Structure formats: C-alpha cells, structure tokens
Amino acid sequence: MSLFRKLKDRLFKSSSKLEEGLEAIVAEGGEVEEAQAGAAPMPEPAPEPEPEPDPLPEPEPLPEPEPEPVPDPLPEPLPEPEPKPNPLPEPEPEPLPEPQPAPEPAPIPDPQPTPAPVEVPLPTPPEPPAPPVELPPAPAPVEIPDVTPAEIPADTADARPGLIGRLFGRGTKPAEVRRILDDTMLESLEELLIQADMGVDTALRVAANLAEGRMGKKLSVREIKEILAAEIARIMEPVAKPMPLYAKRPQVVLVVGVNGSGKTTTIGKLASQFRAAGKKVVIAAGDTFRAAAVEQLQVWGDRAGVPVMTAPEGSDPASLAFDAMTKAQADGADLLMIDTAGRLQNRQDLMEELAKIVRVIRKKDPEAPHNTLLVLDATTGQNALTQVDIFRKIADVSGLVMTKLDGTAKGGVLVALADRFGLPIHAIGVGETIDDLSPFDPEDFARALVGVDD
C-alpha cells in the first residue's frame with residue numbers, strides 16, 4: 001500500500017520511539033529464546049547430502065586406466081634373456097662330434113627354466129594397485145560450489161545463516177527476546193503509551209486490553225506490536241469517515257483551527273481534490289487579518305482552477321462569508337469553502353467572532369454550515385484535546401483533519417481524540433504536496449504508528 005509506506009516513512013519518529021521503548025521494556029527482565037521449534041526440523045534434510053559421497057565411487061574410473069596392460073612392456077625385456085641362453089648352447093655343439101657328448105643334449109631342458117623368469121614378472125602386475133593408493137585425494141570433487149543449494153549440508157546452513165538461511169531458507173530463525181507479562185511490565189507499557197501522547201485514559205484502556213488473557217505469558221516485541229496495532233485500529237475504525245457530500249447547493253464547509261495549524265493549505269488541497277472529482281468549488285478567504293493567508297489561498301485557487309473571493313484587509317469576516325454564500329448560490333457552486341483566521345482557544349474575543357460568522361451564515365441558510373472542519377496540528381500533542389473541546393462548543397465541529405504527522409513523535413494524540421470524542425476523522429496530512437492529504441485509514445495508521453512491518 002503506497003499510503004502505508006508513506007505513513008511509515010513519515011511517522012518514523014513515532015514508530016521508532018515506540019519501538020525503542022518496547023525493546024527496552026522486553027529486554028529488561030526478558031530471556032532470549034533460541035530458534036523456534038519450527039526451525040528444529042530443518043536439519044532433517046541432512047540425509048540428502050549423504051548421497052554426496054557418491055562422487056567417491058566416481059574416481060573408480062581411475063583404476064579404469066587398468067594399467068594391467070602395463071605388464072606388456074615388462075615381458076618385452078623377457079625375450080632379451082631368451083637369446084642369452086641360446087648362445088650358450090651354440091658353443092656347446094662344437095664338441096658334438098664326439099660320441100660321448102651325445103648325452104649333453106640333456107641340458108636342452110635349460111630353455112624350460114625360461115618360464116621361471118616369466119613367473120618373476122607375474123608378481124609385478126599386482127603392483128598396479130599402487131596407483132589406487134592415490135585415491136584419497138579424489139574427494140576433492142566434493143566441493144560446495146559444485147553442489148546445488150538443495151544439497152547443501154545442514155551443518156553448512158547453520159554455520160552461515162546469513163547466506164544460506166536468507167537465500168535458501170535453510171538457516172535457523174533468529175532468537176527472540178521474550179518477557180513474561182506481569183504487573184511491572186504492564187506499568188511500563190502504560191507509561192510508554194502515555195509518552196506517545198495517547199493520553200492517560202486511552203493508554204490505560206489500550207494496555208488493559210493488551211493484557212486481557214495474556215498475563216503470565218511470554219511476549220516478544222513483534223507480538224506486542226501486532227497486538228497494539230490491532231487495538232489501535234479497533235479504536236480508530238468507527239471514526240474513519242470521509243467528509244459527507246450533500247445534495248444541498250452550495251454545501252458550506254467552514255474550516256476552523258488555531259494559528260499555524262494548516263487551515264489554508266488544507267483548504268487548497270481539499271478544493272483541488274473536489275475540483276478534480278468534478279465539483280464546482282468556490283473559496284472565501286475569511287482570514288481578513290493576514291494578507292499572507294489571502295495570497296496563499298489565491299495561489300492554491302489558481303493551481304486548482306477554483307475562484308477565490310477576498311475582501312480588503314481588516315474587513316468583517318462574517319460579512320465576507322455572507323457575500324460568498326450569495327455568489328456561490330448565483331454561480332450554482334457545489335461547495336463553498338470558507339477559511340477563517342487562526343485563533344487560540346483561550347482568546348474569548350476571537351472565539352466570539354467565530355460564533356458571529358456561524359450566526360451570519362445561518363441567516364442565509366439555517367442549515368449552514370453543513371460541515372465544520374477543525375484542522376489540528378499533530379505537534380500540539382495533548383493540547384489538541386482542549387482545542388476540540390472548545391471549538392466544538394463554539395462552532396459545532398463535525399469532523400477533524402490532522403496535519404503535520406510527518407513532523408512529530410506524538411501521532412498517538414489522534415488515538416486519544418478518537419477514543420474521547422468519537423468525531424469523524426476525514427483526512428490526515430503527512431507532507432506539503434497535494435498528494436500528502438489522504439483519506440484516513442485506521443489500519444494503515446495503526447501499523448505505521450506502532451512500526452509494524454507490512
């Protein structure tokens with residue numbers, strides 16, 4: 001999900017803070033568990049390498065050079081001794097003329113001993129077995145590079161989990177630190193959630209739900225993250241609603257908030273998105289006390305192709321709102337978005353001025369404003385709870401837009417708002433571009449806030 005990845009990247013401060021805290025809590029008093037039982041059977045493939053010795057018999061072809069014919073050259077010298085005895089009898093025939101030497105032919109059997117030398121080389125053939133003695137180096141062919149990944153021994157996989165375990169899935173699973181969930185650990189979790197700006201009440205409720213049915217059990221950081229993400233998503237699910245569109249024309253949308261909360265930018269982004277959806281939009285620059293706000297709205301209006309109504313600096317914003325409604329009705333606009341000046345919730349005079357704008361608008365249309373959006377700055381932390389409480393009394397706030405989630409480690413305040421007020425959260429802002437204002441998705445937000453990998 002592109003939104004999830006963007007949220008995770010932008011909420012790195014919140015997620016990293018929670019993650020570091022969880023790791024510290026689990027590590028304190030936790031125990032390292034070896035590879036899970038699921039990894040034990042992995043060595044079973046070990047018998048597969050057993051056939052690897054098969055390459056040893058392959059050297060058998062080495063005896064194939066059957067140097068048995070080698071003895072052939074050995075007998076070749078045999079004929080050499082044979083001629084030697086022949087010359088011996090040749091001198092003997094010289095005395096043959098004498099009758100007595102006739103019995104001398106008896107020495108003729110001397111050639112018979114010739115087989116004796118034949119027997120002498122015969123023992124030599126067994127010498128060829130000597131080459132097989134060199135077979136021990138033959139195991140050289142059993143080299144790991146020549147073996148397929150499936151045939152790699154389990155011992156090797158265990159020795160190199162980084163290469164084998166990750167590439168071929170043969171390594172043992174990394175050990176996890178687990179800690180028994182007890183009262184001490186639960187208190188640490190509550191403190192961590194409060195530091196993440198979820199508020200005391202919400203933090204206690206989330207921690208209690210996490211502990212339900214799990215006390216006395218060992219939990220890892222990964223498991224705690226999954227449980228927290230599921231619990232936060234459950235709280236946020238009922239408030240994840242887009243801004244409703246009505247058949248009433250023009251539909252009046254009043255945008256309120258404190259100074260610097262991002263109202264003007266939010267109006268420009270919403271107007272651009274509604275214009276892209278085929279709606280005819282008109283913007284009224286009701287912040288008549290700040291020239292920069294008017295100029296900024298005009299820039300966004302030009303970018304989105306939306307007309308912007310302005311009034312001289314210092315003019316009555318309620319009068320501008322009334323005139324803008326008249327023009328929007330005459331032009332047949334679908335939406336009229338009215339910007340207001342930023343005001344602190346503790347400035348009673350400014351809050352009264354906002355109440356006046358609402359009264360004037362209702363003279364034109366008793367049902368107006370049809371939507372009152374309160375833009376909140378995530379960096380304000382728990383102060384956002386006070387802002388919602390006061391603005392909803394003055395302007396009857398109907399929905400929230402949370403901005404600047406990319407610049408805070410306190411994104412948990414949105415969970416506290418949803419848990420306490422239950423007001424619809426229409427959109428969240430995580431950047432300055434028009435694509436960085438997105439519909440609120442509770443599951444994506446929860447997983448990004450806690451730091452769960454997608």
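The legends below go with several close-up views of this predicted model. Residues are numbered from 1 along each chain as its sequence is written, and side-chain values use heavy atoms, with hydrogens and water left out. Because the model is predicted, local features need pLDDT of at least 70 and side-chain atom pairs count only at pLDDT 80 or more, while totals for chains, interfaces and linings use all residues.

**View 1. The chain as a whole.** Of its 454 residues, 42% count as buried (under 20% relative accessible area, with a 1.4 Å probe and protein chains only). Take the contacts (heavy atoms within 4.5 Å) between residues at least 6 apart in sequence: 80% of them join residues at least 24 apart.

View 2. A cavity here is a set of points, on a 1 Å grid over the protein atoms alone, where a 1.4 Å probe fits but cannot get out; lining residues have an atom within 4 Å of a point. Look for Leu22, Leu186, Leu189, Leu192, Leu193, Ala207, Leu210 and Leu228 around the largest cavity. Helix α6 (183–195) and helix α7 (200–211) each give two or more residues to this lining, and α6 gives the most, with 4.

**View 3. Alanine 211 in helix α7.** Here we zoom in on alanine 211, a residue of helix α7. Alanine 211 counts as buried because its relative accessibility is 7%. Leaving aside neighbours within four places in sequence, alanine 211 is in contact with Leu181 and Leu186. Alanine 211 and leucine 186 are 25 residues apart in sequence, with 7.4 Å from C-alpha to C-alpha.

**View 4. The eight-stranded open sheet.** Follow the strands across this open sheet in the order β6-β5-β7-β4-β8-β9-β10-β11, with mixed pairing (two strands pair if DSSP finds at least two bridges between them). At the edges, β6 (308–309) and β11 (437–439) each pair on one side only.

**View 5. Strands β4 and β7 side by side.** Strand β4 (residues 251–256) runs parallel to strand β7 (residues 335–339), and 5 bridges join them. Glutamine 251 stands opposite leucine 335 in β7.

Note on methods: 1 Å grid on protein atoms, 1.4 Å probe; cavity = no way out; pocket = protein on both sides within 12 Å on 5 of 7 lines; lining within 4 Å. Buried < 20%, exposed > 50% of the residue type's maximum accessible area, 1.4 Å probe, protein only.
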